[in-house]
Amino acid sequence: MKVLITDEISPEGLQPLLEDPRVQLDVRLNLPVPELHQIIGSYDALITRSGTRVDAALLEHSGNLRIVARAGVGIDNVDVGNASKKGIIVVNAPFGNVNSAAEHTLALLLSRCRNVTVANASLKGGEWKRSPFTGYELKGKTVGIIGLGKVGGRVALRCRAFEANVLACDPYISEKRAEDHGVKLVPLEDIVRYADIITVHTPLNEETTGMIRHEHFAAMKDGVIVVNCARGGIIDEVAMLDALESGKAAGAAFDVWSEEPPATEVLRKLIAHPRMVVTPHLGANTFEAQKNVAVDVSREIINYLDGRPMENAVNIPRFDPDLMEHMKPFMGLVSKIGEFVAQLAPPNPQKVIFTYNGKIARFDCAPLTVCGLASLLNRQTDQEVNMVNARLVAETMGIVVEEVRNTESESFSSMVTICIETPEGKRSIAGTLFEGLPKVVKMRDFQTDFTPEPHMLVISYDDKPGLIGKIGTILGEANVNIGNMSLGRRSKAGEAMVVLSIDSPADEATLEKVAKAVNARFLKAVHMRE
């Protein structure tokens with residue numbers, strides 16, 4: 001196998017490849033794009049960091065290329081969609097820099113608490129001042145950690161070693177996993193209200209962009225310290241600057257920025273603020289981390305050569321082709337119902353049960369289970385979750401996964417059910433295929449009949465005359481058109497559940513009107529990937 005390296009990679013981490021006689025390793029740094037395009041087709045694998053853009057133009061010249069290995073977490077510089085279309089496996093190294101990021105968080109936090117950076121500058125400038133640099137101890141402080149994944153979990157353990165009280169907010173982590181870290185799971189509102197120090201460790205996505213805003217700062221303790229070593233943009237930087245200038249925040253420590261390198265006026269002011277400790281995205285910048293990510297991608301290439309599953313592939317699953325072809329329609333079904341129920345379930349899942357009834361239960365359903373699991377977890381982690389790594393991700397989140405098969409089915413020739421168990425209760429959804437299309441036939445104990453569409457509303461309420469009309473009127477007044485409706489109920493005047501597909505999203509104000517009009521027990525907008 002011919003392997004091309006186009007960015008600086010730790011030589012120590014490449015030892016597995018250097019020692020394998022099947023591998024020819026070529027290091028060609030800083031190649032001009034035309035030259036890279038010219039030679040890439042003769043290589044089987046490419047190892048890169050962030051310096052090489054593996055875009056559509058490069059992939060057009062891919063030739064023999066079968067693996068793109070990104071020695072790091074982010075794959076922003078890799079066109080995964082185009083790689084998948086060409087059958088090129090993309091792997092990354094999501095865990096190699098976990099310890100480095102956790103330690104950097106503590107380094108910034110301690111530097112901020114003890115005024116290390118300003119005291120250092122003062123002494124180097126010839127001054128001998130002590131009283132201006134009186135700091136804070138971590139002992140006895142309440143540290144609020146938002147995101148208790150690999151990095152956040154390590155930060156929690158280290159804060160506890162400093163005898164701090166640790167609260168954590170993460171709706172996708174089980175209570176057992178929080179207990180393993182010795183921390184208490186609480187809502188975001190409690191973190192904001194009670195924490196002396198707040199540190200974020202979540203991925204950057206639709207849910208987390210601007211997660212900490214002006215209203216959150218207003219509810220925080222006076223003198224709070226805020227740390228961001230995760231992703232720029234999770235904390236609203238204008239709100240952070242206002243909190244520092246008003247004195248609401250005693251200080252902050254940031255390693256990441258919404259724009260890198262920072263160029264806006266807001267970021268320049270934030271970086272220059274005297275109570276900010278800042279670094280230029282150094283969380284993963286240690287010798288050990290660089291070695292670890294190189295080792296990880298090297299092992300993945302060896303796994304490919306040996307025909308073993310790759311733990312950190314972000315796109316292409318490896319299953320028996322005949323089985324995959326047979327399961328393909330059901331994979332679409334389980335993916336749809338998994339994505340749907342994930343948006344309805346309470347936080348902190350403990351167990352996910354996949355049940356297969358009827359003809360489908362005669363086959364190995366493992367591909368369906370991991371496909372459904374991936375759709376459940378894909379929005380909630382730092383890494384891309386797919387069929388290869390879904391079980392590993394669930395394990396790290398403390399989620400038990402069970403699979404049940406029963407060849408008997410009362411109503412349908414084949415049916416798939418997903419049940420999510422959480423401390424607040426269960427959510428279940430069942431689906432089947434109708435003329436090859438996914439159809440949801442049951443939610444909890446309500447019979448339903450609908451196909452998941454991009455924009456949907458799920459509402460439960462006490463069944464009374466005229467409520468469906470009220471829902472339609474309110475949505476109509478908001479210029480939201482109803483495409484389809486599925487109504488299920490247990491009995492007359494009992495609890496009813498209506499599922500609506502709508503042509504466009506309904507805003508929060510409209511949803512509040514609907515909930516109030518029908519005295520809704522539950523109302524949730526569901527957005528499906530198209």
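How many disulfides does the structure hold? The structure holds zero disulfides, a disulfide being a pair of cysteine sulfur atoms within 2.5 Å. This is a predicted model, in which local features need pLDDT of at least 70 and side-chain atom pairs count only at pLDDT 80 or more, while totals for chains, interfaces and linings use all residues. Residues are numbered from 1 along each chain as its sequence is written, and side-chain values use heavy atoms, leaving out hydrogens and water.

**Cysteines**

- The sulfur of Cys169 lies 16 Å from the closest cysteine sulfur, that of Cys159, which is too far for a bond.
- Cys169 is buried, at a relative accessible area of 12% (buried means under 20%, exposed over 50%, partly exposed in between, with a 1.4 Å probe and protein chains only).
- For Cys371, the closest cysteine sulfur is in Cys365, 12 Å away and too far for a bond.
- Cys371 also counts as buried, with 11% relative accessibility.

**Sheet**

- Six strands form an open sheet of mixed pairing in the order E14-E13-E15-E16-E17-E18 (strands are DSSP runs of E of at least two residues, and helices runs of H or I of at least four, numbered from the N terminus; two strands pair if DSSP finds at least two bridges between them).
- Strands E14 (400-406) and E18 (446-450) stand at the edges with a single partner strand each, so one side of each has no neighbour in the sheet.
- Strand E13 (residues 351-358) runs antiparallel to strand E15 (residues 414-422), and eight bridges join them.
- Thr355 has Thr417 in E15 as its bridge partner.
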